[in-house]
Amino acid sequence: MQNRTFVISRTDSIGDVMLTLPLTGLLKKKFPGCRIIFIGRRYTRAVVACCEYVDEFADWDEISAKDKGEQENVFRRFKADAILHVFPQREIASLAKRAGIPARIGTSHRLFHWWTCNRKVDFSRKNSELHEAQLNCKLLGPLGIKGDFPLGELADNYGFTRAKALPEKFSALIDKNKFNLILHPRSKGSAREWGLDNFSKLIERLPKDKAEVFVSGTKEEGETLRSLLEKHPGINDLTGKLSLEEFISFINACDGLVAASTGPLHIAAALGKKAVGLYAPMRPIHPGRWAPLGKSAGYLVLDKTCSDCKHNADCHCIREISAFAVLEKLGL
């Protein structure tokens, strides 16, 4: 399999894609001459492009817009030896079978995999004690790569080394004499949020002579952050001002990031930044499953059982994490 082609399919969010990238490093180590194609959504292309182990990005939004015959032709042109369905998707699994990809690997816990996959791995994400990245690695078993890899080893296999140089108009904002810290308050509904009041308290406690503070988010998220930005006019507003590619470069130029369980948190962790994740103590969104992986990454979560806000996005369990605790975690 040294010169064979592997396809990894993960067509969901940025954070999920980030925690899938260690598979590419493990594959390259096991099969040094192999070619890796990553099928993802268009908005994750900039993330995958930063991974030195991925040889080609296949835009699922573009492929899915084609007629069925041309979709099959695209998959045939991959000339793949195996496909790993990390994010199970019926349409992609059926395509891979019709295109004749020899080894089609997926979890046995998806019914449609029983007639589309010929290598089924028996594991359940829902009740597992393993981290998401470790669960992803279960799909490498049929390729002879087995084991519950330590999280530190997975963090070493990101290959997230291709962040581009930051444009001068943004690099000029970086203060090389201070700790450049990004605060990312929103999560686009993917996680429980710490709350603007807590971010405000953190900003008030940050030593002004030691920290340069940036607030990030989309343009739409920026509109919901007006009160925070107006209350602290000395911080830098990045909302809606950077493309994803530029945002990755900006994170790479900074020293730390604070966020809930979001894509930017996992990007910062993979880049070796002081990434502090804020979590609710609740399955399946707890840090045991979704903690950031990186040499300088960490998280905060209350030592309690969170049940009364399980069906409420306004989670007081995460809001009870103190600004002092975050400050201490940052080392400021």
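Which helix gives the most to the lining of the second largest pocket? Helix 9 does, with three residues; helices here are DSSP runs of H or I with at least four residues, strands are runs of E with at least two, and both are numbered from the N terminus. The model is predicted, so local features need pLDDT of at least 70 and side-chain atom pairs count only at pLDDT 80 or more, while totals for chains, interfaces and linings use all residues. Residues are numbered from 1 along each chain as its sequence is written, and side-chain values use heavy atoms, with hydrogens and water left out.

The second largest pocket has a volume of about 230 Å³. A pocket is an open set of points on a 1 Å grid over the protein atoms alone, where a 1.4 Å probe fits, with protein on both sides within 12 Å along at least five of seven lines; lining residues have an atom within 4 Å of a point. Grid points are joined across faces, edges and corners, and the volume is the space filled by probe spheres set on the points. Of its 17 lining residues, Ala155, Asp156, Tyr158, Gly294 and Lys295 lie nearest the centre. Helix 9 (151-155) and helix 15 each supply at least two residues of this lining.

The largest pocket has a volume of about 1100 Å³. Its lining comprises 49 residues, and those closest to its centre are Ser13, Ile14, Gly15, Ser190 and Gly263. Two or more lining residues come from each of helix 1 (14-18), helix 14 (244-253), helix 15 (263-270) and helix 16 (287-290). Helix 15 gives the most, with four residues. By residue class, the lining of the largest pocket has 20 nonpolar, 17 polar and twelve charged members (nonpolar: Ala, Val, Leu, Ile, Met, Phe, Trp, Tyr, Cys and Pro; charged: Asp, Glu, Lys and Arg; polar: the others, Gly among them).

Helix 5 (residues 68-77) has Gln71, Glu72, Val74 and Phe75 as its buried residues, buried meaning under 20% relative accessible area with a 1.4 Å probe and protein chains only. Seen down the axis of helix 5, these residues fall within an arc of 155°, so they line one face of the helix; the arc is that of the directions from the helix axis to the C-beta atoms. The cover over them includes strand 2 (35-40), helix 4 (60-64), strand 4 (82-85) and helix 6 (90-98), where contact means heavy atoms within 4.5 Å.

The structure holds zero disulfides, a disulfide being a pair of cysteine sulfur atoms within 2.5 Å. For Cys117, the nearest cysteine sulfur is that of Cys137, 18 Å away. Cys117 is buried, with a relative accessible area of 4%.

Definitions and conventions. Buried < 20%, exposed > 50% of the residue type's maximum accessible area, 1.4 Å probe, protein only.
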